[in-house]
Amino acid sequence: QALKAKFLQKALDILYRFYPQVKGKIDFTDLSTPLSILHYLQTPQGGAVGLDQTPKRYGDWKVQKLLDVSTPIENLYMTGQDQMLCGVVLAQLCGVITAFRMVGFFPSLKIVLQSIFALPSA
């Protein structure tokens, strides 16, 4: 716990350096480490979320079809960490990919080009 408190204080010090206006306004902090995951979930290899990252997960067409964002139900889409990409940050990208699948290729291409070339949206 002492080591976690030290890491947390260091993170807060960095936050205050860049955003001094938040000092004294934080009501709650928490810090999770791989040791926290081991303690609470009893997962010796540290896994807390997501599917196993195995060749079958990426190479088996049946598994890929189950993880696809589209479903047999019209206009029902799934998105999230394990739909296509793994990890919390990549889940955000999966949301974008899902939105692109929903609107189709050409509207998605238009959005990408507008983003790259700062084209007007109208």
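Reader: Is R17 buried or exposed?
Author: R17 lies in helix α1. Helices are DSSP runs of H or I with at least four residues, and strands are E runs of at least two, numbered from the N terminus. Buried means under 20% relative accessible area, exposed over 50%, and partly exposed in between (1.4 Å probe, protein chains only). R17 has a relative accessible area of 59%, so the residue is exposed.

Reader: Which pLDDT do local features need in this model?
Author: Residues are numbered from 1 along each chain as its sequence is written, and side-chain values use heavy atoms, with hydrogens and water left out. The model is predicted: totals for chains, interfaces and linings use all residues, side-chain atom pairs count only at pLDDT 80 or more, and local features need pLDDT of at least 70.

Reader: In which helix is confidence lowest?
Author: pLDDT is the predictor's confidence in each residue, from 0 to 100. The protein chain averages 84, and 91% of the residues score at least 70. Confidence is highest in helix α1 (residues 2-18), at 92. The lowest value, a mean of 77, belongs to residues 34-41, helix α2.

Reader: How far are the C-alpha atoms of R17 and F117 separated?
Author: R17 belongs to helix α1. R17 and F117 are 100 residues apart along the chain. Their C-alpha atoms are separated by 34 Å.

Reader: What accessible area does the nonpolar patch on the surface have?
Author: Patch residues have over 30% relative accessible area and no salt bridge; like charges are joined within 9 Å, nonpolar side chains (Val, Leu, Ile, Met, Phe, Trp, Tyr) within 5 Å. Areas come from the Shrake-Rupley method with a 1.4 Å probe, and for residues only the protein chains shown count as cover. One member, I116, is found in helix α6 (residues 105-117). F105, F106, L109, V112, L113, I116 and F117 together have about 730 Å².

Reader: Why does I116 count as exposed?
Author: I116 is part of the nonpolar patch. I116 counts as exposed because its relative accessibility is 56%.

Reader: Which residue forms a salt bridge with R101?
Author: A salt bridge puts a side-chain nitrogen of Lys or Arg within 4 Å of a carboxyl oxygen of Asp or Glu. The structure holds 1. Here the closest N and O atoms are 3.0 Å apart, and the partner of R101 is D68.

Reader: How many residues apart are R101 and D68?
Author: R101 is in helix α5 (residues 88-103). D68 sits in the loop between α4 (61-66) and α5. The pair links distant parts of the chain, and the number of residues apart is 33.

Reader: What relative accessibility does D68 have?
Author: R101 counts as partly exposed because its relative accessibility is 40%. D68 counts as buried, because its relative accessibility is 18%.

Reader: Which residues does T98 touch?
Author: T98 lies in helix α5. T98 is buried, because its relative accessible area is 4%. Contact means heavy atoms within 4.5 Å. Not counting residues up to four places away in sequence, T98 touches V69, Y77, M78, T79 and M84.

Reader: Which backbone oxygen does the side chain of T71 reach at 2.8 Å?
Author: T71 is found in the loop between α4 and α5. Polar contacts are pairs of N or O atoms within 3.5 Å; within protein, one must be able to donate a hydrogen and the other to accept it, and residues adjacent in sequence count only if both atoms are side-chain atoms. A polar atom of the T71 side chain lies 3.1 Å from the backbone oxygen of I73. At 2.8 Å, the backbone oxygen reached is that of L76.

Reader: What is phi of N75 near?
Author: N75 lies in the loop between α4 and α5. Most residues other than glycine have a negative phi. N75 has a positive value, near 65°.
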